[in-house]
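Dear colleague,

Please find the structure handed over below, followed by an account of what was found in it. I hope that the account will be of use as you work through the chains.

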Amino acid sequence: MIDLSVELPGLSLKNPIMPASGCFGFGREYSEYYDLSRLGAIMMKAATGSKRLGNPTPRVAETASGMLNAIGLQNPGVNEVIKNEVPFLAQYDTKIIANIAGSTIEEYEKVAKAFNQTKDVHALELNISCPNVKEGGIQFGTDTEMAARVTEIVKNASDKPVYVKLSPNVSDITAMARSVEKAGADGLSMINTLTGMQIHLPSKQPLLANKTGGLSGPAIKPIAIRMIYEVRQHVSIPIIGMGGISTAEDVLEFLLAGANAVAIGTANFQNPFTCIDIIEKLPEVLKQNGFHSVKDAVGKGIVDDSSNISCP
Amino acid sequence: MIDLSVELPGLSLKNPIMPASGCFGFGREYSEYYDLSRLGAIMMKAATGSKRLGNPTPRVAETASGMLNAIGLQNPGVNEVIKNEVPFLAQYDTKIIANIAGSTIEEYEKVAKAFNQTKDVHALELNISCPNVKEGGIQFGTDTEMAARVTEIVKNASDKPVYVKLSPNVSDITAMARSVEKAGADGLSMINTLTGMQIHLPSKQPLLANKTGGLSGPAIKPIAIRMIYEVRQHVSIPIIGMGGISTAEDVLEFLLAGANAVAIGTANFQNPFTCIDIIEKLPEVLKQNGFHSVKDAVGKGIVDDSSNISCP
Amino acid sequence: MKTIQKMIIKKVNTIALDTTEMVLVHEEVARTAIPGQFLHISVPGHTLRRPVSIADVDKKEHAITILFKQIGSGTKALASLPVGATLDVLGPNGNGFNLQEKNGDTILLIGGGIGVPPLYYLGKSLVEKGYKIISVLGFQTKDYVFYEQKFSKIGKTIIVTDDGSYGEKGLVTDVLNEIEQIDCYYSCGPLPMLKAVRSHLSHKKGYLSLEERMGCGVGACFACVVPTNDDSGYKKICQDGPVFQAEEVQI
Amino acid sequence: MKTIQKMIIKKVNTIALDTTEMVLVHEEVARTAIPGQFLHISVPGHTLRRPVSIADVDKKEHAITILFKQIGSGTKALASLPVGATLDVLGPNGNGFNLQEKNGDTILLIGGGIGVPPLYYLGKSLVEKGYKIISVLGFQTKDYVFYEQKFSKIGKTIIVTDDGSYGEKGLVTDVLNEIEQIDCYYSCGPLPMLKAVRSHLSHKKGYLSLEERMGCGVGACFACVVPTNDDSGYKKICQDGPVFQAEEVQI
Ligand SMILES: Cc1cc2nc3c(=O)[nH]c(=O)nc-3n(C[C@H](O)[C@H](O)[C@H](O)COP(=O)(O)OP(=O)(O)OC[C@H]3O[C@@H](n4cnc5c(N)ncnc54)[C@H](O)[C@@H]3O)c2cc1C
Ligand SMILES: Cc1cc2nc3c(=O)[nH]c(=O)nc-3n(C[C@H](O)[C@H](O)[C@H](O)COP(=O)(O)OP(=O)(O)OC[C@H]3O[C@@H](n4cnc5c(N)ncnc54)[C@H](O)[C@@H]3O)c2cc1C
Ligand SMILES: Cc1cc2nc3c(=O)[nH]c(=O)nc-3n(C[C@H](O)[C@H](O)[C@H](O)COP(=O)(O)O)c2cc1C
Ligand SMILES: Cc1cc2nc3c(=O)[nH]c(=O)nc-3n(C[C@H](O)[C@H](O)[C@H](O)COP(=O)(O)O)c2cc1C
Ligand code: FES
Ligand code: FES
């Protein structure tokens, strides 16, 4: 028997597989394809302080082995999410992770406090890939101090474990990770999307109405693996890994790089059963590679020697 | 008649297409496939102060719509390059751009001075995606001050125009671009590879002997386009664009985003004739999209309005 | 529970310039599909599925017809698949045209280019319900015209082309004045056409089928939204649409 | 000038577990290929080409045989291509085995697993030149054994399997002592085998065919290097190799 269970702060997971935030709505649509109780956890779409309409369309573009999205945090606001969405998900025997976002520290605090009122949410995922409108639009996630500050505030506002979701658009991902760990993060979730753009030849303009969008899908997997591998060696809190996963083999690659559990985003769009297929195949893939449990594999790909410094 | 010519500092190009550094050696191998005189220019493989053996193998890995490489600057050293390689390329009616690299400011300076002695090299491409061994291995290309310093030194060491090749592994690409422009760069070349990793399941270790490698190919195109689009609005020096180009349509996308010319790397491996195919098809693609020349298209995709700040 | 449908390609024809007609076989899809719904089709080598409307259904043969224009790499790859190959499809997705509501006797179908296909299955279904159908179909040029005969069989059909190379010259809205009394209209086509149609027929009840770039195609990602005219903000085209009441949406 | 070769697939067979034999037709490649050279094959949906050795050539039929093991997505995709499809190939690439040099009378071929294929074309060519051939071929298990009969036709052939499920049990080096006097050896297979073979036969002249992950496959990218035993540093397997004198390289 291969043990798929994983123990993370606030999250006792039957398996390490969960849909990634923003790629699974609030679960209703995919609940028509399979029983959500089979999932280790569910990461809900980002919630903000009040309702947001998001960006104009087009909001998505296809790229080589990936896609760009600029949804723009469309959501009904945290109170509606708690009222209308959380109860639906709470019917299922799975863990609920609330993804929280905002444009100011105060907004993050408000959202965290609101989710703290519901026992049905098991952990918070702090999406810091958002611009801080009070500080000239610099992303919280590209500045170690702002990231630490928002982490602290959210930790103080809530009793729930907080997983900080790191942005890959940074020069030094380990500095970001260390900074939020020091600020009290219970775990990390990485990576969010890489900022990209596509120009639409017929219109000769950026295809997305928002111009830039977040790159996700298999194209970014090598970047996610590298960042997790690096971060794993510098922090001791657990990591929920994501970025381009579509197979059970990919999951093992993330575990070996140091992820404790994983999330699946873009792959759901190609195949709504991706999470389930992976949950079914993972035991066999672990076994073939000599592991008896998910825990066994975590970080086993890390080669312990002096960090390499070379120019590619 | 569609005008493909481009005038850049030191580079009067018959067309905007050139092979990217490291993907074309010193031209000998691909000269067996076609007449190199058809190319706008050739970017030579990086040269360092003295001979380097590079990294152990495996040095490359395939990824979804891309590849990782960690060649590690294998080259015979700048003097051998000048003696044995430049004369070969100088036979062709094309421009030669020398890619220079080093582990210290002094090494860059030495290489730049050496190339300054040969009239056959028309411009320098300054590869700053290298770790500075004297400063704890931080890449020159992820620190605005170090990048500016190496740019200045190289400018002073040489009369040739200097194109600084930016690393995409940074939080703020426009800050890097502005910094090297201020330091005297004549142009930019972007983007270099994104740092990535692949874990090899059979061995449960990073596949590349160097562990990390540089991600290139179509997977990174959206990131290259976004960075060029952003940088174009903040600097006035020309940009040689690259990252995932494989078709003439891709080239137009780069021109619209603000590149003045383009380089093609990984695509040569799939199809050795990529550069030639693109040179042949580009006039038709420009025409279909309403342009009479390459110059016409440069930057035409940039939508002039307040910079967007939104969370994807 | 919903599942992925494995649909077998039975026929592939080029029926107009760059335009492919493909017949797929699947019992359940054929049995349940409503006019206006779409299939969300996986295309080898592409991250995102391609939404394509259902153009016709033969319930007896379990055959579903789709028509699509080869505009990019996805539709080109789709068109090149051989007979006998299996398509991986989500669907039928979306709400479809509301056929329950009673909307008078005479219905006008207004299609533009590759917006024409879903109107055919709709028209056939409406005729079966006893409605009288009039169709106005616009195409760029003669080379792009398709299904004229099929539409003619279900009612009076007017073809217009942008350059007058076939049928009447001009836009679909140019001929709307010639049309006798109608009770309701259904329209599908490019956005500028839908806008023009709606303002022309603002006194009539109407339905529009919209397109937008999609991620999931099932309502989970919020990619394919359209602003609404009420306070609700946005509706999702893949789930709440693709068919909307004309006045419901901001286009 | 070199060009891309369009080679047509004439036959595809499974000849052992996970092992595909494919026959390709191309006049020029068949005319020029030397034993030990490889084809650099483009596989749909993959960024990098796959290097595969030439296993046999029928100059009259313009037929080139390759044998490959399905180890990953590239070789699996290759194996699934239909007869009649066209492969996009660079090659023949690399130096090949040196057949000009005179190396005594009796030549030993030592192949391991999927390193066996290039030795067949080599052996056939050597026999034509009047050499006597002895072959030692190692495989994991019985299920992976192929080409025993073909090798037997060109000389004495000993098969070994790791588990003894076919032929002798053990490694190729375990049977080298049984072999009568030889003048020179050629070997291709996994690195540990090549190392063992070289140290076993250190007193003999020998050639090794090496493998390494490749980028360009033509010598331009410096991906596929092997350290040399002289001062030159590295040699490129795709261009200077894949065949090297046993003592030339550090393995
Ligand atoms: C509900 C619905 C029904 C449709 N029905 C039909 C039909 O019956 N026949 C037909 O020919 N076309 C139809 N379309 C449009 C069709 O989906 C696009 O033409 C197709 O996706 C283009 O793919 P491509 O790879 O060829 O083009 P590319 O431009 O290369 O595609 C790139 C990306 O943009 C998306 N895209 C491009 N154009 C459109 C578009 N107009 N609408 C939505 N996504 C787009 C693609 O799906 C893909 O994700 C429909 C679209 C929707 C939303
Ligand atoms: C000169 C040469 C000749 C070869 N001849 C044969 C042959 O005749 N028959 C045969 O079965 N195999 C041969 N190989 C090995 C063959 O190239 C690999 O098995 C094949 O590339 C694996 O591709 P994949 O997509 O199935 O595996 P994956 O592991 O999915 O491939 C991923 C990447 O690694 C590369 N790769 C993986 N294994 C190898 C390897 N052993 N050598 C080089 N690159 C590798 C692939 O080319 C690809 O770029 C040869 C290799 C070389 C260098
Ligand atoms: C359409 C879409 C919407 C997303 N929305 C959110 C979001 O609301 N909050 C968030 O933290 N991440 C969001 N993401 C990022 C994903 O959760 C995930 O980090 C990223 O897509 C990488 O994983 P993948 O390659 O498996 O998709 C979104 C991604 C996509 C594709
Ligand atoms: C195998 C390989 C070797 C490279 N070597 C160099 C190099 O020596 N110097 C350099 O500046 N860039 C080097 N690069 C980066 C390319 O020049 C180019 O910036 C990058 O690959 C993106 O372009 P592409 O996607 O078209 O390959 C190398 C890339 C590859 C794939
Ligand atoms: S495409 Fe995802 S909500 Fe419509
Ligand atoms: S594969 Fe590029 S040098 Fe050998």
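How many salt bridges are there between chain A and chain B? The count is zero. Please keep in mind throughout that this is a predicted model.

**The pairing of chains A and B**

Although no salt bridge joins them, chains A and B share the most contacts of the three pairs of chains in contact. Chain A contributes 60 residues to the contact, and chain B contributes 60 residues as well. The size of an interface is often given as the accessible area lost when the parts come together. Between chain A and chain B, the buried area is about 4900 Å², and carbon and sulfur atoms give 64% of it.

Two copies of a chain are related by a rotation about an axis and a shift along it. For chain A laid on chain B, the turn is 180 degrees, the shift along the axis is 0.0 Å and the RMSD is 0.0 Å. This is the relation of a two-fold axis. The same surface serves both copies, since 100% of the contact residues of chain A recur in chain B.

Other chains do not meet in this way. Chain A and chain D have no contact, and their closest C-alpha atoms lie 10 Å apart. Chain C and chain D do not touch either, with their nearest C-alpha atoms 7 Å apart.

**Salt bridges**

Over all chains, the structure holds 40 salt bridges. One of them joins A:R52 and A:E107, whose closest N and O atoms are 3.0 Å apart. A:R52 lies in the loop between β4 (41-43) and β5 (60-63) of chain A, while A:E107 is in helix α2 (residues 105-116), so the pair ties together parts that are 55 residues apart in sequence.

In chain C, the side chains of C:K6 and C:D88 meet in a salt bridge of 3.3 Å, N to O. This pair links distant parts of the chain, with C:K6 in strand β1 (residues 5-16) and C:D88 in strand β7 (residues 86-93), 82 residues apart. In chain A, the residues A:K221, A:D250 and A:E253 are linked in a network of salt bridges.

**The nonpolar core**

In soluble globular proteins, nonpolar side chains tend to be buried together. Here the largest nonpolar core has 254 residues, and A:F115 and B:F115 are those with the most contacts inside it. Leaving aside neighbours within four places in sequence, B:F115 is in contact with residues including B:M44, B:V78, B:I82, B:I100 and B:L124. B:K160 is also among the contacts of B:F115.

**Annotated positions**

The unreviewed UniProt entry places the feature "active site" at A:C130. Is A:C130 buried or exposed? A:C130 is buried, with a relative accessible area of 1%. Its place is in the loop between β8 (123-127) and α3 (144-157) of chain A.

For "binding site", UniProt (unreviewed entry) lists C:C216, C:C221, C:C224 and C:C238. These positions are spread over 23 residues of sequence, yet they cluster in space, the largest C-alpha distance being 10.2 Å. C:C221 is found in the loop between β13 (205-209) and β14 (225-227) of chain C, and C:C224 lies in the loop between β13 and β14 as well. C:C221 is buried at 5% relative accessibility, and C:C224 is buried at 4%.

Not counting residues up to four places away in sequence, C:C221 touches A:G22, A:I71 and A:F269 of chain A, along with C:G215 and C:C216 of chain C.

Yours sincerely,
A colleague

Conventions:
Residues numbered from 1 in each chain as written. Chains lettered and ligands numbered in written order. Predicted model: local features only at pLDDT ≥ 70, side-chain atom pairs only at ≥ 80, totals over all residues. Heavy atoms only, no water. Core = buried A, V, L, I, M, F, W, Y, C linked by side-chain atoms within 4.5 Å. Buried < 20%, exposed > 50% of the residue type's maximum accessible area, 1.4 Å probe, protein only. Contact = heavy atoms within 4.5 Å. UniProt positions renumbered as here; feature names shortened; annotations may be inferred. Helix = DSSP H or I, 4+ residues; strand = E, 2+ residues; numbered from the N terminus. Salt bridge = Lys/Arg side-chain N within 4 Å of Asp/Glu carboxyl O. Least-squares fit on C-alpha atoms with pLDDT ≥ 70 in both. Buried area = accessible area lost by both parts, 1.4 Å probe.
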